[in-house]
Amino acid sequence: MEKSMGSKGKNLARLVEEKACSKRLQQEEEQRRIPYLPKDCITNILLCLPHKSLLRLPAPHNIYSVLTSRPPDNPNYFSIDTNYLQSQNIPILTQPAIHYPRKSCVKFMEFSNGKCEERDYKISCLGKIRATCDGLILLENRIKKGGLIVLNPVTRKLDPLPLGTLCPPHNESYGFALSEVSGVYKVVHLFRDELNYFHCEILSLGTRVWRPLDGPEPGLFGWLGYRPVFAIGYLHWVPFVDHSDYIVSMEMDSEKFHKVGLPTSCRTHDRILEIRGSLCFIAHEEMTQINIWMLEGLSGHAWKQTCSITMGCTFDMVPLLGLKMSGDIIFERDEDYSLYRYHFELKEIRKIEVQENLALSSNSYFAHVNSFISW
């Protein structure tokens, strides 16, 4: 009886091993049938896809990026400014001198597994980042005063834009967004003149011509220090440094401004963000609580409080961005620039492990996602 049981056990083990071996051979055969495609070929295929298809491509949350500017580590970086001069067919002897000590480099950060790591595009530039949209970056063109450059850091395609109205940086704000009806990317320039009146002009990347628009009503804006957020088809501005009871929203299709009330007054450390297609308002309440409100649309929709975050001390926790896939929110503590991540599914906030020498102030970050999109 014991010999019979031992024989059956050996037979069963042999059958399991044979089945596993057969499955492994089958997988190897299937892999041999799939043709190998070089990376350059895959890149060319992606570049030929229409814009809407590229937006629907799945991407892991850790590819969601934040752009920063820092001194370049390598002089052999792809230089935005040098390539701009070459694109303008300016003779080498007449090209302006570029002072490399003032150069910065465009980098991005990956958030995954409780860590934040810096990655390098190996791209250098003189100007600062002014806005981002769908993987495209709007950069200052320091070689041409008041000029702008649109760049895709993945494909390294760049395009200089014509000059708009010139004004000091502290008196202007740039927005970069997509019109869903026309499928055209638009650059919005909001600025204040010497008499403290606010004006607006807009440029479609298809026409490359600045057009004046009817600006916001007098009194709606107090300053332009907060960058606009693109969500639900609108660009949204917080119009005052502190105690803003409303936001100013500009619809990208009609190009009209609207005043939108907030559920509670926006204070110094409060922010608006785009999260999973909705507009999110993150407001501090007293010292230990942060409330999160969502708005799905301006027509027939109202703010809904989705959750609250409670911890020991929250007054200096500045919301930076919402992660593209998970919708989790990244915060920065104003005191020491440490980063935290609020997990919506877990309903908890955790400190992020950040590599050394990566502390940056909150105004150095821009929401960004790597893509092959072209304008």
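Reply: Two strands pair if DSSP finds at least two bridges between them, a strand being a DSSP run of E with at least two residues, numbered from the N terminus. The model is predicted, with local features needing pLDDT of at least 70, side-chain atom pairs pLDDT 80 or more, and totals for chains, interfaces and linings using all residues. Residues are numbered from 1 along each chain as its sequence is written, and side-chain values use heavy atoms, without hydrogens and water.

Me: How many bridges join β23 to β24?

Reply: Strand β23 covers residues 329-333 and β24 covers residues 339-343. The two run antiparallel, and the number of bridges joining them is 4.

Me: Which residue in β24 is the bridge partner of isoleucine 330?

Reply: Strand β24 comprises residues 339-343. Within β24, isoleucine 330 has as its bridge partner arginine 341.

Me: Which strands stand at the edges of the open sheet?

Reply: The open sheet has 4 strands in the order β22-β23-β24-β25, with antiparallel pairing. Each edge strand has a single partner, so one of its sides has no neighbour in the sheet. These edge strands are β22 (317-322) and β25 (348-351).

Me: Is isoleucine 129 buried or exposed?

Reply: Isoleucine 129 belongs to strand β6, residues 129-133. Its C-alpha lies 4.6 Å from that of leucine 139, which is 10 residues away in sequence. Buried means under 20% relative accessible area, exposed over 50% and partly exposed in between, with a 1.4 Å probe and protein chains only. Because its relative accessibility is 7%, isoleucine 129 counts as buried.
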